[in-house]
Every structure is written in C-alpha cells, then in structure tokens.
Amino acid sequence: MKLQLALDTCNTEEALQIVREVESFIDIVEIGTPMIMHYGMEPVQKVSEQYPDMRIIADLKIMDAGEFEADIAFNAGASIVSVMGITHNETIRGAVKSARKANGKVLADMMCVVNLEERAKELVELGVDYICVHTAHDVQGTQSPFASLAKVQDSVGSERCAIAGGLNKESVHRVLEYSPEIIIVGNGITGQENKSQAAKQIKDLLQG
Ligand SMILES: O=C([C@H](O)CO)[C@H](O)[C@H](O)COP(=O)(O)O
C-alpha cells in the first residue's frame, strides 16, 4: 500500500517544505486540484525537479480534452494524471494515450459514478491504471469512501484501487482489509501541527 500526500491549499514554497518534512513516509505527492487552479503547473514542475525520484500526480480531474490536458501535466513532470471516471470514453482514451507517450499512468476519480463496479471494469479496459473511490470534500460530513472501496476492489482487484476523502490516522485502519494500492491523505497530514509525525503514524499503520 502506497501513501499519497495530497497538497491542496498551500503555495509552491510551502509544498516543497511539507514534502521535505514527510518525504521518508510518503510514496507519491499529489499536487491537488485547488493548488493547480491557483498556481498552474509550477508546483508540479518544482516538486518534480527537486524530488526526481518521487512519483507526482497532477490531480487535474480531467473532464474533456483528455490528451491535450494530460499532456500539459506530463510535460511538466507529472508521473500520474487524474481524469474523471464519469466522463466520456473518448476523453479517457485521450488521457491514456497521453500517459502512454509519457510513460506515465492514469488515475480515474470515481466521484459521482453510480455504477461503480461496471464503470471500474470499463475504465480498466480503456487502459486506466488506478480506480480511485473518492468522497468529495464538500460531502465528507455525511459520506465516506469505504463501502465504495469494497465494491471496486471486488470488481477490478486491490492492486488497481486508490481511496481518498477525509482519511486520517484515526480512520485509515478501515482500508487495511482491502489493501488498496494507493491511500490518499490530505488534511490528515497537512492540517496537523506535526506533519511528519502524522505521516509516520499513517505509514506505520499501512505497513502493519
Ligand atoms: O482531491 C481532493 C479534493 O477533491 C480537493 O481537490 C483531495 O486532494 C482529496 O480529497 C484528499 O484530501 P483530504 O480529503 O483532505 O484527505
């Protein structure tokens, strides 16, 4: 199980500082959608330059123009790009084509997908590498991603699964029985006073 740190609300300098603090406990750095909206590809570029061995996902949540938009992230140094699982197959194919050119990977965010099992299978057939069950920030008060993880794991297997949405050191034990490939944690690390300690606690839980 890989731990992905999601950076959503910081600036590029703060992102570099947080990665410095937690790098030994994380496997993937996510430059989050709000950060990309604010700073464009600058944080993707800077983090990939300073941490050439770290995998970086640009959380573009692509909804259209799959190849064109994914190209932007891969050209900036991303190793994974996110696309919305609910979007058109043509868009998915475009993002996958871009990833193959760049030797990168595609993660499909399953937010708002109703037929999870069926769509997860289709996405894998289209060439998507990871299927991410995700409880949106705006509904985390009333929803959680665990039941969706069970469904997607049944459908495509744990090595394709990623999970996100309000995870922290108190809740992460709930994913252990499913062994998803990627566990994504944002505020559960970045919102803590001691980020390195929070990342280490979560990593230790994942490693058993
Ligand atoms: O993708 C995300 C969200 O939609 C905001 O863009 C977050 O990066 C993801 O949910 C992880 O963050 P936390 O929910 O704070 O763990």
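**Entry 1: Ser179**

I located Ser179 in the loop between strand 7 and strand 8; strands (E, at least two residues) and helices (H or I, at least four) are DSSP runs, numbered from the N terminus. The model is a predicted one, in which local features need pLDDT of at least 70, side-chain atom pairs count only at pLDDT 80 or more, and totals for chains, interfaces and linings use all residues. Residues are numbered from 1 along each chain as its sequence is written.

I noted that Ser179 has a positive phi of about 45° although it is not a glycine. Most residues other than glycine have a negative phi. Is Ser179 buried, exposed or partly exposed? I recorded it as partly exposed, because 14 C-beta neighbours lie inside 10 Å of Ser179. The classes are as follows: a residue is buried with 20 or more other C-beta atoms within 10 Å of its own, exposed with 12 or fewer, and partly exposed in between, the C-beta atoms being placed from the backbone.

I then looked up the contacts of Ser179, leaving aside its neighbours within four places in sequence, and found Met1 and Ser158. Two residues are in contact if their C-beta atoms, placed from the backbone, lie within 7 Å. I also recorded 9.6 Å between the C-alpha atoms of Ser179 and Gly157, which are 22 residues apart along the chain.

**Entry 2: Helix 7**

Gly157 follows helix 7 and has a positive phi, near 95°. In the helix itself, residues 146–156, I found Ser148, Leu149, Val152, Gln153 and Val156 to be buried. Why do these buried residues line one face of the helix? Seen down the axis of helix 7, they fall within an arc of 135°, so they line one face; the arc is that of the directions from the helix axis to the C-beta atoms. I traced the packing of these buried residues to helix 6 (116–125), strand 6 (130–134) and strand 7 (161–164).

**Entry 3: Asn103**

I found Asn103 in the loop between helix 5 (89–102) and strand 5 (105–109). Its phi is near 60°, a positive value in a residue other than glycine. I listed Asn103 as exposed because it has 8 C-beta neighbours inside 10 Å.

**Entry 4: The ligand**

Which residues come nearest to the ligand? Of the 18 residues around it, I noted Ala6, Gly32, Thr33, Gly186 and Asn187; a residue is near a molecule if its C-beta atom, placed from the backbone, lies within 6 Å of it. Helix 2 (33–39), strand 8 (182–185) and helix 8 (187–190) each supply at least two residues of this shell.

**Entry 5: The whole protein**

I counted nine helices and eight strands. Of the 208 residues, 46% count as buried. The C-alpha trace spans about 45 × 35 × 30 Å along its principal axes. Among contacts with a separation of 6 or more, I noted that 62% join residues 24 or more positions apart.
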